[in-house]
Amino acid sequence: MPTNSTNINAVVDENVFPLAVDAVLFDLDGTLVDSAPDLAGAANAMLNDLGRAAVEVDEVRDWVGDGAKKLVERVLLNDASQADDGQVERGFESFLQHYARMVCDQSRPYPGVLQTIRNLNAQGMRLGCVTNKPDRFTRPLLEQLNLDSYFSSIVSGDTCVAKKPDPMPLLKACEDMGVSHEACVLVGDSANDVLAAQAAKMPVICVSYGYNRGLNLNAMNPDAVIDTFEDLPPLLTKA
């Protein structure tokens, strides 16, 4: 596995890239799809149910990445008031109901996503989606955006007993696709993605535009950080 982080805007080390892989795994929220507008819409509908003040979309972008329950907790703890366990549970159920009906109202793939995954698929690479999003939202979102058919494996936040940053979901996707973790790369946007890939001993490429909660992902030593999805194909080749 490569150990030197290489930003696509810098000179690429030809001894590291392109990575020869059989499969590519993608995070969903903040990597493939900008889902924050719909997550914020559901969060604000929940807050209205609880008589609480609304939050901004950009705030929600900073709270995404650890699953729906954690998002609800962060939303409810945003202001000076404290949310007890009962309010979190009521808020969580409210959020789930609202998000189920608006999961793809405003969510859209980032520029270059669809063409890139089509190109990788045409090269014979297997593709998987590994997300901490619950499956009841993951599949409808992918289906409504016409992305689901490209993935040989879809591992959601409740598919396994553990979520990212645990490596289990990544290894589950590899098992589904019949590929070795050593011949696979993860593309993500957060510390959870980097930590999960490193624990799975899998290369990881980060996008700079996603929901990374203000962290400097370069400091976590991913194998590359790219600014647009179109930057991905030159870093990969079919094993």
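**Close-up views of selected sites**

**View A. The aromatic pair of Phe26 and Phe151.** Both Phe26 and Phe151 are buried. The model shown in this and the following views is predicted. Ring pairs join Phe26, Phe151 and Phe229 into a cluster. In the structure as a whole there are five aromatic pairs. One of them is formed by Phe26 and Phe151, whose arrangement is edge-to-face, with 6.4 Å from centre to centre and 65 degrees between the planes. An angle over 60 degrees counts as edge-to-face, which is the reason for the name given to this pair. Phe26 belongs to strand 3 (residues 23-26), whereas Phe151 is in the loop between helix 6 (135-144) and strand 7 (153-155), so their pairing ties together parts of the chain that lie 125 residues apart in sequence.

**View B. The stacked pair of Phe95 and Tyr99.** What makes the pair of Phe95 and Tyr99 stacked? The ring centres of Phe95 and Tyr99 are 5.6 Å apart and the planes are at 20 degrees, so the pair counts as stacked. Planes under 30 degrees apart fall in that class. Both residues belong to helix 4, and because they are four residues apart there, about one helical turn separates Phe95 from Tyr99. Phe95 is buried, as is Tyr99.

**View C. A charge over the ring of Phe92.** Lys69 lies over the face of Phe92. The distance to the ring centre is 5.3 Å.

View D. The structure holds one cavity of 30 Å³ or more. The volume of the largest cavity is about 220 Å³. Its lining is made up of 23 residues, and those nearest the centre are Asp29, Val64, Gly65, Asp66 and Gly67. Helix 3 (68-76), helix 4 (85-102) and helix 8 (191-199) are the elements that give two or more residues to this lining. Sorted by class, the lining of the largest cavity comprises ten nonpolar, six polar and seven charged residues.

**View E. Asp29, a residue of the cavity lining.** Asp29 is one of the residues nearest the centre of the largest cavity. Where in the chain is Asp29 placed? Asp29 is in the loop between strand 3 and strand 4 (33-34). With a relative accessible area of 9%, Asp29 is buried. Between the C-alpha atoms of Asp29 and Tyr99 there are 14 Å in space, and the two residues are 70 apart in sequence.

**View F. Cysteines without a disulfide.** How many disulfides does the count come to? The count comes to zero disulfides. Cys129 is in no disulfide, since the nearest cysteine sulfur, that of Cys184, is 12 Å away, and a disulfide needs two sulfur atoms within 2.5 Å. Cys129 lies in strand 6 (residues 126-130) and is buried, with a relative accessible area of 0%. The C-alpha atoms of Cys129 and Tyr150 are separated by 9.5 Å, although these residues are 21 apart along the chain. For Cys160, the closest cysteine sulfur is that of Cys174, and because the separation is 11 Å, the two are too far apart for a bond. Cys160 also counts as buried, at 15% relative accessibility.

View G. Lys164 and Pro165 are joined by a cis peptide bond. The omega angle there is about 20 degrees. Pro165 is found in the loop between strand 7 and helix 7 (168-177).

View H. Arg213 is not a glycine, yet has a positive phi of about 55 degrees. Arg213 is located in the loop between strand 9 (204-207) and strand 10 (224-226). Asn221, too, is placed in the loop between strand 9 and strand 10. The phi of Asn221 is likewise positive, at about 60 degrees, although Asn221 is not a glycine. Are these residues buried or exposed? At 43% relative accessibility, Arg213 counts as partly exposed. Asn221 has a relative accessible area of 48% and is partly exposed. The term covers values between the limits of 20% for buried and 50% for exposed.

Notes. Residues numbered from 1 in each chain as written. Predicted model: local features only at pLDDT ≥ 70, side-chain atom pairs only at ≥ 80, totals over all residues. Heavy atoms only, no water. 1 Å grid on protein atoms, 1.4 Å probe; cavity = no way out; pocket = protein on both sides within 12 Å on 5 of 7 lines; lining within 4 Å. Points joined across faces, edges and corners; volume = space filled by probe spheres on them. Nonpolar A, V, L, I, M, F, W, Y, C, P; charged D, E, K, R; others polar. Phe/Tyr/Trp six-rings, centres within 6.5 Å; stacked < 30°, edge-to-face > 60°. Buried < 20%, exposed > 50% of the residue type's maximum accessible area, 1.4 Å probe, protein only. Lys NZ or Arg CZ within 6 Å of the ring centre and 35° of its normal.
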